[in-house]
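This report describes selected parts of one protein structure. Please look over the sequence and the model before reading on.

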Amino acid sequence: MLGSSSNLSGDDGDNRRDDGGCDKDQPRNTEEYRISARKFVDMAKKNGGNSDMIALLLRHNLDVMHIEKNICESIIGTLLHVKGKSKDGLKSRKDLKDMCIRNELHPQERGNNVNYLPPAPHMLSKTEKQIFCKRLANLKLPDGYSSNISNCISLEECKIVGLKSHDCHVLLHQLLSVALRGLLPKGPRNAIFRLCAFYNEVCQRVIDRNRLEQHEEDVIETMCMFERFFPPSFFDIMVHLTIHIGREARLGGPVQYRWMYPFERENGNDDVTLKILFCGVCHSDLHYLKNEWGITMFPLVPGHEIVGIVTKIGSNVEKFKVGDRVGVGVVVSSCKTCENCQQDLENYCRKAILTYNSIDHDGTKTYGGYSDLVVVDQRYVLRFPDNLPSDSGAPLLCAGITVYSPMKYYGMTEPGKHLGVAGLGGLGHVAVKLGKAFRLKVTVISSSPHKEAEAINRLGADSFLVTRDPAQMKAALGTMDYIIDTVSAVHPLAPLLGLLKLNGKLVTVGLPDRPLELPIFPLVLGRKLVGGSDIGGMKETQEMLDFCAKHNITADIELIKMDDINKAFERLAKSDVRYRFVIDVGNSLSKGPMTSPRISGIASLTEFTKRGFSRQTNLILPPAKQNLGYEYSSGVWQFEGYGYVPHGTSGVCIMQVFGANPPHATTLMLRVYNGSLMYYRGPVLVPNIYDKWFHLNVIHDVGAAKVKVFIDGYLLLQVDGRGGTTHSFKCGVYAQNNDSYCMESRWKDIKVLRKCD
Ligand SMILES: [Zn+2]
Ligand SMILES: [Zn+2]
Ligand SMILES: [Zn+2]
């Protein structure tokens, strides 16, 4: 029954068996494993020419953190033999019997329906369990390294429950190896150590390509080792995905860029950490979620109207103390040295870092307020005045300052003057209240007559003007001193300009996605002014909060729970909200110990993020150099490769040159709409691109700011660059607008080349 190789653990002096059982074909030693692993890789490479397996790049976008959580829980559950968590049990032992392997582990009937399950090499003994749990419980870790893991450990029951994703991440990378030292037979222990080392290596910020290939081979061998010691049911889909991670890293760059779980940085000397209580739902959150501006980097945690309580301050922070009520708006950092920053106009700094979907100074991504905490440089944190409510005050941080700043800057505050507010939504309704506080005559200009009563009775407007009523519009010609235009849909400006008196001012703060027509005659003949404005600097935002507190101005809100966010977004898309949703983050986000890695709102955003995430197989290409995540900022660079877009994929960007001066994010986008390959939304480069391989060359001369696109050797496009400091090529599929359900592009033989100097 047992072969001579039955006990490789030998010196462990233990009755648990390390070995497989009766399957004689099973590889027995490391060298054989290595050969089988090599064979697999060679086979895959050989098939490369015609097999999808190699020709298609990055199809799945594996979420490594998620995989780590599953594997870590499976390992711990199995080691501790926790009921319901262990992959071992009567059923899995019966599997072994059916498969005719590992006879020594088969269940033994002891009469009365009692089955005895012999101890297996993957089980810790009772003493070992206690040692293992005690070691984990007593580990002293730096602040913010993980949540308090010891809270999850029950020493009496030898159970570990309630681990968070990030806990599993650090367990797998570091702690498990420490806690298991000297426990378990050597075989299963080594298998676990090897797997831990693999995940540790593959999650590094920089990956060495040569070593990665070795890891890809080694991990197959590691999985074979697991197969010898762990029950067959251990090998679920999550464990299996380990095999594919190396290849994804080879194609897509370091896996951390594709994590679904956002992190927050440690509180630095100038930082303030706040526990988030409320967060407003701004229309831009929806634009980002749907990637309507084409610049969303998933995963995304939106929210830039944040009110919270200070829980930690850095050593240089004097403005705030723990327990203070504070706010964070749209901007969380900037260069602090440019002309704009020195004039307290951080919002116009070219290096301004936005509260979410931006890259912070340390290279990490920023995440917004739909989460439990945020760490922000004190300069960008605002004092929340005592009498300003946290919930209805939150929207002032974006909506409030967006209308307050232009009113101040353009001098639209002279008492007695007449202000028109075009559009009665989140921005407009605050503009009405501010106008009244500045003692202006306020008229709401709207296309929906049914909003009249509310505008006048609830918000305090003096009158209401229906744009679709020609008689009303005619009567109002030349009656207004100022107009704030908050409409973000494309709309004509001429009627609004007509409402202005001589020297009248029209300021637009909505952001229509296409240019508006600007009639010059009324401007010239009436000495009128058209201007724009974007939120406000920190000093002015503070001034606005203080002003609102003094005049009892808040937003009219609908308070929602975190779990209702998807419903709220649906309603927001139909402008069905009076006038701002605010999330009661503090009371409705799933609770847990305050930890540095966030419990994010992502759980309740599953529908959106999943849709966005799985379809944004956005690819960072392997570079010529060792470091996979390359970027360039000078020189002449070329992307070369073969692409293929199957029939049915539409409304999608398939290749881009990333990086440009704001408001643009990209220097080039090649998109496919209904079978045509286009430069952005036009012109058409190739009328029928579906179902055939095409050869693409994109040459980007950064210095000369020129981009050339060749398809099948023909120069089809030559356009100017769009600025930007760093660039990279990306291909794959990236949903744009009117995107189809089917989303696919295939790529092969991709090269990124740099012209020699
Ligand atoms: Zn697979
Ligand atoms: Zn906003
Ligand atoms: Zn600046």
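## Crossing of two helices

In which hand of crossing, left-handed or right-handed, does H3 pass H6? The model is a predicted one, and in it the crossing of H3 past H6 is left-handed.

Helix H3 covers residues 64-80 and helix H6 covers residues 165-179. Their axes come within 8 Å and cross at roughly 65°. Angles of 65 to 115 degrees count as roughly perpendicular, so H3 and H6 are roughly perpendicular to each other.

On the H3 side, the residues that meet H6 are Met65, Glu68, Lys69, Cys72, Glu73, Ile75 and Ile76. Their partners in H6 are Ser165, His166, Cys168, His169, Leu171, Leu172, His173 and Leu176. Sorted by class, this contact has eight nonpolar, four polar and three charged residues.

## Zinc site

The zinc ion (ligand 1) has His240 and His244 as its protein donors, each through NE2, at 1.9 to 2.1 Å. Both histidines belong to helix H9 (residues 237-252), where they are four residues apart, about one turn of the helix.

His240 has a relative accessibility of 39% and counts as partly exposed. His244, with a relative accessible area of 37%, is partly exposed.

Leu419 is part of strand E12, residues 418-422. Because its relative accessibility is 0%, Leu419 counts as buried.

Beyond its neighbours within four places in sequence, Leu419 is in contact with residues including Met407, Met412, Ala431, Leu440, Val442, Tyr482 and Ile484. Val444 is 25 residues from Leu419 along the chain, and the C-alpha atoms of the two are separated by 8.5 Å.

Terms used
Residues numbered from 1 in each chain as written. Chains lettered and ligands numbered in written order. Predicted model: local features only at pLDDT ≥ 70, side-chain atom pairs only at ≥ 80, totals over all residues. Heavy atoms only, no water. Buried < 20%, exposed > 50% of the residue type's maximum accessible area, 1.4 Å probe, protein only. Contact = heavy atoms within 4.5 Å. Donors = N, O, S within 2.8 Å, 3.2 Å for Na, K, Ca; no water. Axes fitted to C-alpha atoms, helices over the stretch in contact; angles between N-to-C directions. Parallel < 35°, antiparallel > 145°, perpendicular 65-115°, else oblique. Left-handed = near helix turned anticlockwise from the far one by under 90°. Nonpolar A, V, L, I, M, F, W, Y, C, P; charged D, E, K, R; others polar.
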